[in-house]
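Good morning, colleagues. Please keep the display in view as I speak.

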Amino acid sequence: MENNRQKMQEYWRRNVRILLTLLGLWFAVSYLFGILLVDELNRFTLGGFKLGFWFAQQGAIYCFVIIIFVYVVLMNKLDKEFDVHED
């Protein structure tokens, strides 16, 4: 019983670590790149647009979608490792 409890605690510890890492990335993309660093990023261009503008309008959306897919892959891997996955 105690071993099962330790296994569950480890599962949730790693789950929270994945979640906090991806939330930190989401924060960096949306707040830092899209708001605070926009002037510095605007020194560069991407596809004819200033990079800060592009990042705030398009790049952030791409990053958010990628974050979702990364979360799904990481959680499926973690679920299989701890044998709590769905068939």
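A search of the whole structure finds 2 salt bridges, a salt bridge being a side-chain nitrogen of Lys or Arg within 4 Å of a carboxyl oxygen of Asp or Glu. Before I describe them, I note that this is a predicted model, in which local features need pLDDT of at least 70 and side-chain atom pairs count only at pLDDT 80 or more, while totals for chains, interfaces and linings use all residues. Residues are numbered from 1 along each chain as its sequence is written, and side-chain values use heavy atoms, with hydrogens and water left out.

Helices here are DSSP runs of H or I with at least four residues, strands are runs of E with at least two, and both are numbered from the N terminus. Arg13 is partly exposed at 43% relative accessible area, and Glu10 is also partly exposed, at 27%. On this scale, buried means under 20% relative accessible area, exposed means over 50%, and partly exposed lies in between, with a 1.4 Å probe and protein chains only.

The other salt bridge joins Glu81 and Arg14, whose closest N and O atoms are 2.6 Å apart. What does this pair tie together? Glu81 lies in helix α3 and Arg14 in helix α1, so the pair links parts that are 67 residues apart in sequence. Glu81 is partly exposed at 46%, and Arg14 is partly exposed at 22%.

Let me stay with helix α1, where Asn15 is also placed. Asn15 counts as buried, at 7% relative accessibility. Leaving aside neighbours within four places in sequence, Asn15 is in contact with Tyr71, Met75 and Leu78; contact means heavy atoms within 4.5 Å.

Ile67 touches Leu22, Leu25 and Trp26, not counting residues up to four places away in sequence.

Helix α3 spans residues 51-81 and bends by about 45 degrees at Gly59, the bend being the angle between axes fitted to the seven residues ending there and the seven starting there. Gly59 is one of the buried residues of α3, as are Phe55 and Asp79. The cover over the buried residues of α3 includes α1, α2, β1 and β2. Just after α3, Asp83 takes a positive phi of about 55 degrees.

Finally, the overall form. The protein chain has 3 helices and 2 strands, which run α-α-β-β-α from the N terminus on. The radius of gyration is 18 Å, well over the 12 Å that the globule rule gives for 87 residues, so the chain is more spread out than a compact globule. This radius is taken over C-alpha atoms, and the rule is 2.2 Å times the number of residues to the power 0.38. The C-alpha atoms fill a box of roughly 60 × 25 × 15 Å along the principal axes, and 21% of the 87 residues count as buried.
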